[in-house]
Amino acid sequence: MYDESRGQRTRHGPVWTGARGWASRGRAGVPGGGRRLARVEPSLFDASEQEAAARVAPLAVRMRPTTLDEVVGQRHLLAEGAPLRRMVEGDAPLSVILWGPPGTGKTTLAMTIAASTKRRWRELSAVTAGVKDVRQVVEEAKRALGETGEQTVLFIDEVHRFSKTQQDALLPSVENRWVSLVAATTENPFFSITTPLLSRSLLLTLEPLADNDIRTVLERAIAHEALTVEPDAMDFLIRLAGGDARRALTALEAAAHNDPVTLETVEQAVDRVAVRYDRDGDQHYDVISAFIKSIRGSDVDAALHYLARMLEAGEDPRFIARRLVVHASEDVGLADPTALLAAVAAAQALELIGLPEARLNLAQATIHLALAPKSNAVVTALGAAVADVRAGHTGTVPPHLRDGHAPGTQKTAEQPYRYPHDFPGRVVAQQYAPDPVVGREYYSPGSLGAERVVKERLAGLREVLRGDREVHPEDVASGFRPRSPDSATRAQDSKPENNN
């Protein structure tokens, strides 16, 4: 029996009811239709149409879960006591925005919410729908709520494609709970969705599926389709998915014309050769090691090769981005201060736009770091400082550097704190380090890139801090670089004589 309360897709004319196929609309399909929802019995024609629709449906659609317990992954949202499960099981009106990469279950979760809460299901695509379509669905939802008490789940896919005006058209229905909005987006909602709509919705972030989750999805499909898949083909499908269940199922379906499904049939189906790469084994560590060492050795071509190898094999791009950020300080440092900025920008771009576009950002950062002048001075400086601390060379903080807000702090200091901004060049001689490490020099800049300038400035600063050099206007102008012989002689002659 057709029942709109069970959550199905509505189209002009007949209605797709999921597992039960097509059924006639229960009332006029226009906003002004006022008849109550009718119940209709499925006919033989409906059954045959259902079978035809099931035969042509993609594997990813046929394998779509129907309950929350069947959903794979997203445990932070679906575990006992998690926000989404509490909302669904409580059957309360809700409006949520699902943000995550493709193939992580946004549409599945939306349909499961509708089915689990026995609500009407209406779906719009932001690619083709306009304000008129939104208003029509809202009017139908209001009428159903008033006539039968049925609530409506309105699912909007790619909601980030809606203009500000289109998003604003949703506000009254969300605020008054005429519909339970479930909006899906792959774009950062803080950039693509208006603030009023965000404030009225619960934002839930979906993560890419882990390899074990993809394996579970594939095993279910293999059992459902009665297929045999060889182990190396299964491993390739998992790597190929990159956390996207839909991609894995699509590739499996394309290769399923042969049984058993082998690695060769999958490669032919996706027109892509399997990269021999184990994300949890030696290949993972060997390739990332070669990647970093190629950048360190300034071989930009080898670095790009290993980057492409990891990306094609389905390596987590965030892992690659993290290694680039670490490398920028570890092997470049202040020899090129912009290296860290480039690496961090690539990591942020990856989070903002995702793959495949962010591959370009990772490649740009890789090229930048490989071509940058190299220095490991940051690593050695921190290592030397940590070694002293672990050896117990700590001591107490000099009195004039302690927190001045504590009662009596300034009074107990033998000499007051000298505020550098009150002195020429904004540098003044005073003790900063604790007694056990006074005079220790941890940072030793190299002679490449910007560190060449840093090295000269650091030498002059250390002379001033030790009291071995008075600050003159030319020091300020030169950035405390070494003085010329003539200026050094003039500085020595200008010192007051000691008559004692």
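In what order do the five strands of the open sheet stand?

**View 1. The open sheet of the predicted model.** The five strands are ordered β5-β6-β7-β4-β8, and their pairing is parallel. Strands pair if DSSP finds at least two bridges between them; helices (H or I, at least four residues) and strands (E, at least two) are DSSP runs, numbered from the N terminus. β5 and β8 (202-205) are the edge strands with a single partner strand each, so one side of each has no neighbour in the sheet. Neighbouring strands are turned against each other by 20° on average, direction ignored.

This is a predicted model, in which local features need pLDDT of at least 70 and side-chain atom pairs count only at pLDDT 80 or more, while totals for chains, interfaces and linings use all residues. Residues are numbered from 1 along each chain as its sequence is written, and side-chain values use heavy atoms, with hydrogens and water left out.

**View 2. Strand β6 and its partners β5 and β7.** β6 (residues 152-157) is mostly covered, with five of its six residues buried; buried means under 20% relative accessible area, exposed over 50%, and partly exposed in between (1.4 Å probe, protein chains only). Strand β5 (residues 120-125) runs parallel to β6 and is joined to it by six bridges. In this pair, E123 stands opposite F155 of β6. β6 and β7 also run parallel, joined by four bridges, and V153 has S180 of β7 as its bridge partner.

**View 3. Helices α5 and α6 on the sheet.** Helix α5 (residues 106-116) lies across β4 (96-99), β5, β6 and β7, and runs at about 170° to β6. Axes are lines fitted to C-alpha atoms, for helices over the stretch in contact, and angles run from 0 to 180 degrees between N-to-C directions. Helix α6 (residues 131-148) packs on the sheet and touches β5 and β6, its direction making about 175° with that of β5. Contact means heavy atoms within 4.5 Å.

**View 4. The surroundings of T186.** T186 is in the loop between β7 (180-185) and α9 (189-192). Its relative accessible area is 25%, which means that T186 is partly exposed. Not counting residues up to four places away in sequence, T186 touches W99, G100, P101, P102, K106, E158 and H160.

**View 5. Helix α11 against α12 and α13.** Helix α11 (residues 211-225) packs with helix α12 (residues 231-241) at an angle of about 125°, the axes being 10 Å apart. The two are therefore oblique to each other; angles under 35 degrees count as roughly parallel, over 145 as roughly antiparallel, 65 to 115 as roughly perpendicular and the rest as oblique. D211, I214, R215, L218, E219 and I222 of α11 make the contact with M234, D235, L237, I238 and A241 of α12. By class, this contact has seven nonpolar, no polar and four charged residues. Ala, Val, Leu, Ile, Met, Phe, Trp, Tyr, Cys and Pro count as nonpolar, Asp, Glu, Lys and Arg as charged, and the others, Gly among them, as polar. With helix α13 (residues 245-255), α11 packs at about 35°, with axes 10 Å apart. Here I214, V217, L218, A221 and I222 of α11 meet A245, A248, L249 and L252 of α13, a set of nine nonpolar, no polar and no charged residues.

**View 6. The pair α17 and α18.** Helix α17 (residues 317-332) and helix α18 (residues 338-353) pack at an angle of about 170°, with axes 8 Å apart. α17 is therefore roughly antiparallel to α18. Residues of the contact include A321, L324 and V325 of α17 and A343, V344 and A347 of α18. The contact divides into twelve nonpolar, one polar and two charged residues.

**View 7. Two residues with positive phi, Q74 and A226.** Most residues other than glycine have a negative phi. Phi of Q74 is near 55°, and this residue is in the loop between α2 (59-62) and α3 (75-78). Q74 is buried, at a relative accessible area of 5%. Phi of A226 is near 55°; A226 lies in the loop between α11 and α12 and counts as exposed at 60% relative accessibility.
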